[in-house]
Amino acid sequence: MEKNTLVTITRQYGSGGREVADLVAKKMGVRRYDRKVVAMAAQNIGEENNFHDLIERSYNAPENCMGNLGDYAYVRVPMHNRMYIEQAKVILGVAKEGSAVFLGRCADYILKDHPNTFSFFIYANDEFRQNRAKTHYAGHTLKDLDAEDKHREQYYAYYTGRTWGDPQNYDLMINTSKISLEAAADLIISYIELRQKRAAEKKA
């Protein structure tokens with residue numbers, strides 16, 4: 001796999017996407033960034049002491065759209081917008097340093113014009129997600145999982161203007177109801193290597 005390969009993974013809640021991202025990062029020998037992005041952004045704006053609160057609110061879509069953030073003095077920008085701006089800066093900064101795996105945080109949109117970026121969406125059927133809710137999400141119901149996804153959908157739409165889960169936003173969408181999480185990670189690696197191989201052949 002080429003150096004400075006960037007992988008973004010967006011996932012339906014309860015699909016096992018976090019585990020898939022961990023497996024991909026391990027197979028690539030790189031770091032996975034998720035909450036770490038929030039922590040780094042919070043530190044950049046002096047809000048590290050409020051990290052847990054920021055995590056809790058990180059996927060709550062703002063109720064009022066401000067329009068173009070550039071029209072406001074930075075210090076007057078509401079915290080949710082300042083956090084998005086800082087998270088974007090963190091993601092772009094990490095991308096300059098080398099290969100990495102990003103989970104959520106609109107990374108697929110933030111890195112859409114960055115070379116050698118591959119974006120994936122992990123989803124699963126309701127039965128699979130409901131079973132995982134019992135074993136991995138402390139008794140959450142399928143309704144709870146869907147509510148969380150709704151927050152993510154609204155957050156994504158607010159900051160990107162795109163539709164969360166739209167196939168056109170991703171290189172590949174993987175249904176973890178049909179294959180194991182390990183196989184899903186292997187599929188992602190194989191897809192990236194195939195794309196990079198073909199790109200190299202075209203240059204030769």
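1. Let me start with N4, which counts as partly exposed at 25% relative accessibility. On the scale used here, buried means under 20% relative accessible area, exposed means over 50%, and partly exposed is in between, with a 1.4 Å probe and protein chains only. N4 lies in the segment before β1 (6-11), and its phi is near 60°, a positive value in a residue other than glycine. Most residues other than glycine have a negative phi.

2. A word on the ground rules. This is a predicted model, in which local features need pLDDT of at least 70 and side-chain atom pairs count only at pLDDT 80 or more, while totals for chains, interfaces and linings use all residues. Residues are numbered from 1 along each chain as its sequence is written, and side-chain values use heavy atoms, with hydrogens and water left out.

3. C106 also has a positive phi, of about 60°, although it is not a glycine. You will find C106 in the loop between β3 (100-103) and α5. Is C106 buried or exposed? With a relative accessible area of 4%, C106 is buried.

4. Now the overall plan: the protein has eight helices and five strands. These are DSSP runs numbered from the N terminus, helices being H or I with at least four residues and strands E with at least two. Read from the N terminus, the order is β-α-β-α-α-α-β-α-β-α-α-β-α. Of the 204 residues, 44% count as buried.

5. The five strands form an open sheet in the order β2-β3-β1-β4-β5, with parallel pairing. β2 (32-33) and β5 stand at the edges with a single partner strand each, so one side of each has no neighbour in the sheet. Two strands pair if DSSP finds at least two bridges between them; β4 and β5 pair in the parallel sense over four bridges. Y123 stands opposite N175 in β5.

6. Helix α8 (residues 181-203) deserves a look. Its 23 residues reach 34 Å from first C-alpha to last, close to the 33 Å expected at 1.5 Å a residue, where the expected span is 1.5 Å times one less than the number of residues. The buried residues of α8 are L181, A184, A185, I188, I189, I192 and Q196. They pack against β1, α1 (17-28), β4, α6 (126-136) and β5 (172-175).

7. In helix α2 (residues 35-44), the buried residues include V37, V38, A41 and A42. They cover an arc of only 130° around the axis, which puts them on the same side of α2; the arc is that of the directions from the helix axis to the C-beta atoms.

8. Q87 is found in helix α4 (residues 79-97) and is buried, with a relative accessible area of 4%. Which residues does Q87 contact, leaving aside its neighbours within four places in sequence? They are V37, V38, A41, R105 and Y155, contact meaning heavy atoms within 4.5 Å.

9. Finally, D113 sits in the loop between α5 (107-110) and β4 (117-123). D113 is exposed, with a relative accessible area of 65%. Its side chain makes a polar contact with the side chain of K112 (3.2 Å). A polar contact is a pair of N or O atoms within 3.5 Å; within protein, one must be able to donate a hydrogen and the other to accept it, and residues adjacent in sequence count only if both atoms are side-chain atoms.
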